[in-house]
Amino acid sequence: MSNEHEDRRSDSNHSSESPDDRIHRFVGEYELLDVVGRGGMGVVHRARHRELGHIVALKFLGPGRQADLVEIGRFRREAEALSHLDHPRIVPISSFGNHEGRPYFTMPLCDYGSLDQQLSRFTHRPREAARIVREAARGVHHAHQWGILHRNLKPSKILLDERGEPRVADFGLARMLGEPCDLTPTGNILGSLPYVSPEACLGRAEEVNTLSDGYGLGAILYALSTAQAPFGSSSTAVTIERIVIDDPPPPRRTHPGIPRDLETICLKCLENSQADRYDSAYALADDLGRFLEGYPIEGRRVGGLRRLQLWTARRP
C-alpha cells in the first residue's frame with residue numbers, strides 16, 4: 001500500500017513538472033528527482049546516484065534551452081572555482097560532467113533552506129545573526145585566499161546545513177583575482193540588486209574586489225538584523241541611485257534592540273568608499289568574533305564631517 005502511494009505521488013510530481021523539466025530524467029550517473037532551485041544560469045535538482053543511491057544537489061544548465069558561450073563559460077568557471085575550495089563554510093563540488101553538450105556538477109545537498117527564507121528568524125537574535133555572518137565571512141576569506149571573488153553575495157547564496165551552519169554557495173559570478181573581466185563587460189551590473197556594492201552597481205568590473213564581497217557580507221548582516229535589504233525600492237533606477245549615493249539607514253532606527261557595536265560593524269561593511277570598509281573578510285569575521293566574545297570591537301565608522309564631505313562629493 002505504501003509503495004503504491006509513493007508511486008502515485010511520484011507520478012503526480014512528474015506530471016506537475018514543466019516540459020523542460022521532464023526532458024531528461026537521467027544526467028550521467030544521476031536520476032533527477034525534483035527541482036530545488038533556479039538561478040540565472042541553471043537549475044538545481046535533487047538527484048540520486050543510480051548505483052550508490054546517495055542524494056546530491058545537481059546543478060545543470062537548464063534543459064530545453066540553448067546556453068550561449070558566456071553562460072557556459074560562467075558555469076565552467078563556477079565549477080573550476082569550487083574545485084579549488086575546501087572549507088566547511090563553502091558548499092564544495094563533488095563531481096563534474098557533461099550531458100548532451102551541457103555541463104553539470106554535483107554538490108552536497110543543503111536541504112534546510114537559505115537565509116533569505118528565514119530572515120525574520122534573526123531579527124530578535126542579533127548574536128545568532130552575527131555568528132552566521134562570521135562563519136560565512138570565514139568561508140569567503142578562504143575563497144579570497146585562493147584568489148576567488150564571489151561577486152554575488154546575498155541571503156539566498158547562504159545555505160544552511162543539517163546543523164544550522166551556513167555554507168556559501170553559488171559561485172556563478174566568481175572571478176579569479178587579477179583575471180580579465182571577459183565574461184562581465186564594463187557597464188553591466190555585477191550581482192543582484194539590492195545587495196550589490198556601489199562599484200558593482202555602476203558596472204565597474206575592474207573595481208570589484210575582495211572589499212566588494214565584504215560589502216555583500218555586510219548587506220547580509222543588515223538583512224538578518226532588520227529583515228530587509230539596506231536599500232530597496234520598487235524602482236530599479238531609484239535603488240541604484242540610493243546604493244551609489246546614499247548611506248543606508250542605521251539598523252537601530254527601526255530595530256532599537258540591535259547592539260550598537262553590531263550596528264557599527266554592519267555599517268562599516270556598507271561604507272560607500274572601499275577605503276572605509278573592513279580591509280578583508282577575515283577582519284570582518286574577527287570583529288564579529290570580538291563582539292560575540294564581549295571584547296571591544298576594532299571597527300569604527302568615519303566621522304560626521306568626513307561623511308558629509310563624501311556625501312557632497314557624490315552629489316556634486
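## Strand β6 and its partners

S95 has T106 of β6 as its bridge partner. This pairing belongs to a predicted model. Another bridge of β6 links F105 with F96. In total, 5 bridges join strand β5 (residues 95-99) to β6, and the two strands run antiparallel. They form a hairpin with 2 residues between the strands. In this hairpin, E100 takes a positive phi near 50°.

Strand β4 (residues 55-60) also pairs with β6. Here 4 bridges make the join, again with antiparallel strands. On this side, L58 stands opposite T106.

## The sheet as a whole

How many strands form the open sheet, and in what order? There are 6 strands, in the order β1-β2-β3-β4-β6-β5. The pairing is antiparallel. At the edges lie β1 (26-27) and β5, each of which pairs on one side only. Helix α3 (residues 69-84) packs on the sheet. Helix α3 touches β4, β5 and β6. The direction of α3 makes about 30° with that of β6.

## Inside β6

Is strand β6 (residues 102-107) largely enclosed or open? Buried residues make up 6 of its 6, so β6 is largely enclosed by the rest of the structure.

In a regular strand, side chains alternate between the two faces of the sheet. In β6, R102, Y104 and T106 point one way. P103, F105 and M107 point the other way. Both sets are buried.

## From β6 to α4: residue T123

The loop between β6 and α4 holds T123. T123 has a relative accessibility of 12%, under the 20% cut-off, and therefore counts as buried.

Which residues does T123 touch, leaving aside those up to four places away in sequence? They are L224, S225, T226, A227 and H255.

## Helix α4 against α6

Two packed helices are described by the angle and the distance between their axes. Take helix α4 (residues 126-145) and helix α6 (residues 210-226). Their axes come within 10 Å and cross at roughly 165°. That angle is over 145 degrees, which means that α4 is roughly antiparallel to α6. The crossing is right-handed.

From α4, the contact uses A129, A130, I132, V133, A136, A137, V140 and H144. From α6, it uses T210, D213, L217, I220, L221 and L224. By type, the contact residues divide into 11 nonpolar, 2 polar and 1 charged.

## Helix α4 against α10

Helix α4 also meets helix α10 (residues 281-293). These axes come within 8 Å and cross at roughly 155°. The two helices are therefore roughly antiparallel to each other. This crossing is left-handed.

On the α4 side, the contact is made by R127, A130, R131, V133, R134, A137, R138, V140, H141 and H144. On the α10 side are A281, Y282, L284, A285, L288, G289, F291 and L292. How do the residues of this contact divide by type, and how many are charged? There are 11 nonpolar, 3 polar and 4 charged residues.

Conventions: Residues are numbered from 1 along each chain as its sequence is written. This is a predicted model: local features need pLDDT of at least 70, side-chain atom pairs count only at pLDDT 80 or more; totals for chains, interfaces and linings use all residues. Side-chain values use heavy atoms; hydrogens and water are left out. Axes are lines fitted to C-alpha atoms, for helices over the stretch in contact, and angles run from 0 to 180 degrees between N-to-C directions. Angles under 35 degrees count as roughly parallel, over 145 as roughly antiparallel, 65 to 115 as roughly perpendicular and the rest as oblique. A crossing is left-handed if the near helix is turned anticlockwise from the far one by less than a right angle, and right-handed if clockwise. Contact means heavy atoms within 4.5 Å. Ala, Val, Leu, Ile, Met, Phe, Trp, Tyr, Cys and Pro count as nonpolar, Asp, Glu, Lys and Arg as charged, and the others, Gly among them, as polar. Buried means under 20% relative accessible area, exposed over 50%, partly exposed in between (1.4 Å probe, protein chains only). Two strands pair if DSSP finds at least two bridges between them.
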